[in-house]
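The exercises below are to be worked with the sequence and the three-dimensional structure in view. Each task is followed by a solution in steps.

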Amino acid sequence: MVSATAIGDRSAAATPLATELRGGPGYWFHTYLLMVRWELLNQRLLLPMMVVLQILLGAGMALGFGLLIDDPTPTEAAFLATGATVFPMMTLGLTMLPQVVADQKLNGTYEYVFGLPVPRMAMYFAGLTVWSVVGLPSAAVALGVAAWRFEIDLAISPFVLLAAFLVISVASAIGYAIGHGVSNPRMTNVITQVLIFVVILFSPVSFPAERLPGWLQATHEWLPPEHAANVMRGTLTDGLVEGSLVPSFAVLTVWALGSWALTAWVITRRR
Amino acid sequence: MLSALAPDPLEEARSSGIAAERRWDAALRVGHLEKVYASGTRANDDISLTAEPGEVFGLLGPNGAGKTTLVSQVMGLLRPTRGSLHLGEIDLIERPGAARQLTAYLPQGELPIESLRAREAVELVGRIHGGDAAAVRTRADELFRTLEVEQWEDEMGAQLSGGVKRLVGFMMAAVMPRPLVILDEPTNDVDPLRRRLLWQEIRSLADRGSAVLLVTHNVLEAERAVDRLAVINEGRVVAQGTPAALKSGDRGRLRIEVTVEPRADLPAFPPYLAEPVRVGRRAFSTLLETDAPRALEWVRDLTADGSFEEFELGATSLEDTYVRLVGRGTDAEALFGEATGG
């Protein structure tokens with residue numbers, strides 16, 4: 001069974017067989033940090049380019065809106081500016097994360113990554129962390145460019161951090177669940193493209209909900225985009241959102257918890 | 001980090017009952033495993049096998065035989081339809097997370113190390129498997145040295161040749177020795193010299209007490225490298241045992257192998273030779289020992305007239321047994337993979 005050479009082998013003594021099972025928050029956090037490092041190092045050539053590209057996109061979006069609507073009213077301008085911060089976050093969660101998973105399936109690395117002894121949700125949060133680094137600067141740049149272009153006064157509340165966290169959480173958890181749940185990676189890309197198209201054009205993010213037909217308005221009361229735009233607008237400007245932000249925060253929190261639960265189920269289940 | 005003066009872990013394991021039990025009982029036991037996909041495909045059908053600690057266990061079979069399906073279930077990526085999976089006393093179906101912690105895995109596919117440097121990749125996996133930084137570095141040093149790939153340790157994955165990348169993948173699996181090590185075609189694209197070093201390292205993983213599950217197409221290499229093996233075909237285990245035991249079914253037979261020019265057609269084989277299997281330039285067949293004289297005469301004539309470049313007549317190998325078990329009708333590329341196609 002065990003050969004004589006191994007018993008006297010010095011190197012065998014240096015690394016005994018690791019048989020202990022790890023668990024708990026310490027294990028979770030340790031593997032999370034290592035996966036963040038893995039992602040950062042493994043994208044080291046791509047990341048700087050992605051950050052620049054995303055920033056240009058954010059700025060382009062703010063300027064592009066200015067072309068669509070010539071000389072907007074101050075309210076319209078504030079809608080455009082705050083909407084421009086929501087789109088990069090939605091794009092990040094709904095298209096970038098699922099595309100990373102789809103790519104892993106296409107290039108055959110999925111098996112390797114998901115065979116690693118890393119809790120699945122730690123892996124998800126590691127991906128989310130790294131891609132947030134890519135996506136978030138563009139939201140800030142979009143806001144800055146829009147504020148300058150449309151000459152609007154921002155009143156930034158500290159709650160903007162909570163708002164941004166919730167928006168990214170909902171979008172990314174849904175995106176990640178799609179990435180894992182849809183077995184054909186090419187299909188993933190189609191679904192996420194359609195989803196982001198609907199969010200950009202038919203959600204009351206950059207325009208008031210009143211412009212939509214009644215049934216769509218009613219539907220949006222239960223979906224994330226309008227509330228995402230609401231909490232961002234409410235924490236970035238003063239007096240633009242009528243009434244309390246609490247219902248919007250509540251809806252987003254429920255969506256975040258629900259989509260995490262969905263993600264956890266999708267990525268831990270075995271076919 | 002454990003110093004070289006630390007008590008030998010194997011000795012330690014023997015003196016402490018608990019540790020010994022945990023270490024030596026960590027066999028992989030697959031019991032009547034069945035996997036039917038949602039599409040209705042029965043990829044694994046009543047598979048039972050045991051890979052003991054300290055043993056290199058081969059899993060041989062043509063493409064689509066169900067080897068990867070079996071491994072994916074062990075790794076907790078797929079859920080078995082029926083049957084049991086245990087590593088030591090741990091139920092791997094109930095605890096897929098435990099399966100991943102106790103198993104070091106080198107899949108057949110690409111490694112996600114595009115911009116990771118070889119050494120970073122090896123050390124990161126060691127850390128993810130719970131090794132402390134210093135111990136992992138020491139072990140990585142040792143692996144890079146013994147496999148003679150030190151000159152590539154600072155290269156990024158994208159710059160590595162297929163063979164070196166495969167070796168990096170092996171080191172990623174070997175850096176923290178685990179009770180179960182699964183290697184799917186570890187020698188693909190590896191040059192002959194390092195291939196030998198790699199086999200030595202695989203053997204030393206088993207010597208440290210791991211059960212090594214080796215998935216391969218390469219029958220010739222497997223014959224020398226594995227202690228026992230199972231041949232899988234169409235989702236079922238068609239034979240299981242030591243290479244010698246498996247070959248015993250071919251007792252009383254000889255093997256004839258010929259080499260032809262690339263792309264040259266194979267001349268017709270006489271009826272007393274089993275239907276030949278062609279793999280690239282090689283073609284081989286078996287015959288009864290009593291037919292050896294006329295077979296020798298036939299093959300000499302055809303070699304003399306240039307139909308064959310060379311020939312070999314000798315004892316049967318595991319390759320012949322494999323072909324007999326899996327069926328001559330099967331496409332040679334499916335039987336032996338692309339690695340041996342040349």
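This is a predicted model: local features need pLDDT of at least 70, side-chain atom pairs count only at pLDDT 80 or more; totals for chains, interfaces and linings use all residues.

**Exercise 1. Confidence**

Task: Determine where pLDDT stays under 50 in chain A and in chain B.

Solution. 
- Step 1. The term pLDDT denotes the predictor's confidence in each residue, from 0 to 100. Chain A has a mean pLDDT of 85, with 94% of its residues at 70 or more; chain B averages 87, and 89% of its residues score at least 70.
- Step 2. In chain A, pLDDT stays under 50 over residues 1-14, a stretch with 28 contacts beyond four places in sequence in the model. Two residues are in contact if their C-beta atoms, placed from the backbone, lie within 7 Å.
- Step 3. In chain B, pLDDT stays under 50 over residues 1-24, with 31 such contacts, and over residues 338-342, with 12.
- Step 4. For the complex, the predictor gives an ipTM of 0.82 and a pTM of 0.84.

**Exercise 2. Composition of the chains**

Task: Describe the elements of chain A and chain B, and the share of buried residues in chain A and in chain B.

Solution. 
- Step 1. Chain A contains 12 helices and 0 strands, whereas chain B contains 13 helices and 14 strands.
- Step 2. Of the 271 residues in chain A, 45% are buried; of the 342 residues in chain B, 47% are buried.
- Step 3. Among contacts with a separation of 6 or more, residues 24 or more positions apart account for 83% in chain A and 71% in chain B.
- Step 4. The C-alpha trace of chain A spans about 85 × 35 × 35 Å along its principal axes.

**Exercise 3. Two helix pairs**

Task: Classify the orientation of H3(A) and H7(A), and that of H7(B) and H8(B).

Solution. 
- Step 1. Two packed helices are described by the angle between their axes and the distance between the axes. Axes are lines fitted to C-alpha atoms, for helices over the stretch in contact, and angles run from 0 to 180 degrees between N-to-C directions.
- Step 2. The axes of H3(A) and helix H7 (residues 120-149) of chain A come within 8 Å and cross at roughly 40 degrees. H3(A) and H7(A) are therefore oblique to each other: angles under 35 degrees count as roughly parallel, over 145 as roughly antiparallel, 65 to 115 as roughly perpendicular and the rest as oblique.
- Step 3. Residues of this contact include A:Trp28 and A:Tyr32 of H3(A), and A:Met123 and A:Phe125 of H7(A).
- Step 4. Helix H7 (residues 162-174) of chain B and H8(B) pack at about 15 degrees, with their axes 12 Å apart. H7(B) and H8(B) are therefore roughly parallel to each other.
- Step 5. In this pair, B:Leu167, B:Phe170 and B:Ala174 of H7(B) meet B:Arg194, B:Leu198, B:Glu201 and B:Leu205 of H8(B).

**Exercise 4. Two glutamates**

Task: Is B:Glu185 buried or exposed, and is A:Glu151 buried or exposed?

Solution. 
- Step 1. A:Glu151 lies in the loop between H7 and helix H8 (159-181) of chain A. A:Glu151 is exposed, because 9 other C-beta atoms lie within 10 Å.
- Step 2. B:Glu185 lies in the loop between strand E7 (180-184) and helix H8 (192-207) of chain B. B:Glu185 counts as buried, because it has 21 C-beta neighbours inside 10 Å.
- Step 3. A:Glu151 has a positive phi of about 50 degrees although it is not a glycine; B:Glu185, not a glycine, also has a positive phi of about 50 degrees.

Methods
Residues are numbered from 1 along each chain as its sequence is written. Chains are lettered from A and ligands numbered from 1 in the order in which they are written. Helices (H or I, at least four residues) and strands (E, at least two) are DSSP runs, numbered from the N terminus. A residue is buried if 20 or more other C-beta atoms lie within 10 Å of its own, exposed if 12 or fewer, and partly exposed in between; C-beta atoms are placed from the backbone.
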